[in-house]
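Visitor: I am new to this structure and would like to learn how to read it. Please take me through a few features, with the general idea before each case.

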Amino acid sequence: MRWGRVELLGLIHLGELCLSIQEGREAACKKLACMKLPITLFLLLAASLMAQPAPEASPNHSRQHSHRFGDTERWVKAWESPERDAQQQPDEVIRRLEIKSGQVVADIGAGSGYFARRFATAVGPTGEVLAVDIEPGLLEYIRHRAEQEGQANLTTVLASETDPKLAPRSVDLVFVCNTIHHFDDRPAYIQLMKSALRPGGRVVVVDYRPEAVLEHGPPAWMRLPAATISSELESAGLATEILEFLPVQYVVIGKLRP
Ligand SMILES: C[S@@+](CC[C@H](N)C(=O)[O-])C[C@H]1O[C@@H](n2cnc3c(N)ncnc32)[C@H](O)[C@@H]1O
């Protein structure tokens, strides 16, 4: 349990009050008066120790949902690690989404572009992929790599924490991988994603199951069950389906109703 300043000051005053009562009652009050200063100092020391900030839930995630990824080099290394592919199965995820050539895909929370680059291949030169993120460093990495790899249909969008900055009715697929648990106001954000969809468009959420045992990734308290995401997408008016083929993640598809 952590104590606020008001409670701590109250504790100090309580200690002093007890001493005063004691002093009034006992003949040995002079002895106790000598103890008053050390006891007050002890209480102050205890107060300062208890007032230390609570430790973070994990080294990478504080006890809040929004979370910054400013260290580009560190996060690119983590998200692009070859070991990720076996668990993430990006090609299988994209195959199941049945992306068509010429479609427009927005990858929100694109990170290093791990999925965005693959979407850019799937939609082909007549399609477009918008890599959306709030970290300028990561977007710079995506731009540089797309240029190097000749992916002219991959562009970047600098979003704010509450708005992906997508034009209304402009995309066929909004894809959100390992990111939706960072949104503070999901219903509002889901509305923005929905309003960016073209007729027949889909919002696809890939995220970690709360019960999955992870070596890396968000702590269990931060993860959201597939049923929660599904019901939030349904509340926004989308028709949902849950796919369970990945080892530690689910895929929720929310389709715009005709
Ligand atoms: C755990 S990473 C996932 C990256 C990528 N989707 C992947 O699977 O490799 C989360 C990403 O979401 C971004 N992000 C966090 N909050 C965001 C927000 N409110 N809007 C857009 N992007 C956000 C972070 O900057 C980070 O790049």
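Visitor: Where in the chain is Lys165 found?

Guide: Two remarks on reading come before that. Residues are numbered from 1 along each chain as its sequence is written. The model is predicted, so local features need pLDDT of at least 70, side-chain atom pairs count only at pLDDT 80 or more, and totals for chains, interfaces and linings use all residues. Helices (H or I, at least four residues) and strands (E, at least two) are DSSP runs, numbered from the N terminus. Lys165 is found in the loop between strand 3 (154-158) and strand 4 (171-177). The phi of Lys165 is positive, about 60°, although Lys165 is not a glycine.

Visitor: Which other residue in the loop between strand 3 and strand 4 can we look at?

Guide: Arg169 has its place in that loop. Arg169 is not a glycine either, and has a positive phi of about 50°.

Visitor: Why does Arg169 count as exposed?

Guide: The idea is to count neighbours. A residue is buried if 20 or more other C-beta atoms lie within 10 Å of its own, exposed if 12 or fewer, and partly exposed in between, with C-beta atoms placed from the backbone. Arg169 has 12 C-beta neighbours inside 10 Å and therefore counts as exposed. Lys165 has 13 other C-beta atoms within 10 Å, so Lys165 is partly exposed.

Visitor: How many helices and strands does the chain have?

Guide: The secondary structure comes to nine helices and seven strands. Of the 258 residues of the chain, 33% count as buried.

Visitor: Which residues have the most contacts inside the largest nonpolar core?

Guide: In soluble globular proteins, nonpolar side chains tend to be buried together. A nonpolar core here is a set of buried Ala, Val, Leu, Ile, Met, Phe, Trp, Tyr and Cys residues joined through C-beta atoms within 7 Å. The largest one has 56 residues, and those with the most contacts inside it are Val105, Ala106, Val174 and Phe175. Helix 6 (residues 114-123) gives the most to this core, with seven residues.

Visitor: How many residues of helix 6 are buried?

Guide: Eight of the ten residues of helix 6 are buried, so this helix is mostly covered. Among them are Tyr114, Phe115, Arg117 and Val123. Gly124 follows helix 6 and has a positive phi, near 75°.

Visitor: What does Val174 touch?

Guide: Two residues are in contact if their C-beta atoms, placed from the backbone, lie within 7 Å. Leaving out residues up to four places away in sequence, Val174 touches Ala106, Ile108, Met193, Ala196, Leu197 and Val203. For the chain, among contacts between residues at least 6 apart in sequence, 69% join residues at least 24 apart.

Visitor: What is the spacing of Gly70 and Glu135 in sequence and in space?

Guide: Gly70 and Glu135 are 65 residues apart in sequence and 6.3 Å apart in space, C-alpha to C-alpha. Gly70 lies in the loop between helix 2 (29-50) and helix 3. With 11 other C-beta atoms within 10 Å, Gly70 is exposed.

Visitor: At what angle do the axes of helix 3 and helix 7 cross?

Guide: Axes are lines fitted to C-alpha atoms, for helices over the stretch in contact, and angles run from 0 to 180 degrees between N-to-C directions. The axes of helix 3 (residues 72-79) and helix 7 (residues 136-148) come within 9 Å and cross at roughly 60°. That makes helix 3 oblique to helix 7; angles under 35 degrees count as roughly parallel, over 145 as roughly antiparallel, 65 to 115 as roughly perpendicular and the rest as oblique.

Visitor: Which residues of helix 3 and helix 7 meet?

Guide: Thr72, Trp75 and Val76 in helix 3 meet Gly137, Leu138 and Tyr141 in helix 7. By class, this contact has four nonpolar, two polar and no charged residues. Ala, Val, Leu, Ile, Met, Phe, Trp, Tyr, Cys and Pro count as nonpolar, Asp, Glu, Lys and Arg as charged, and the others, Gly among them, as polar.
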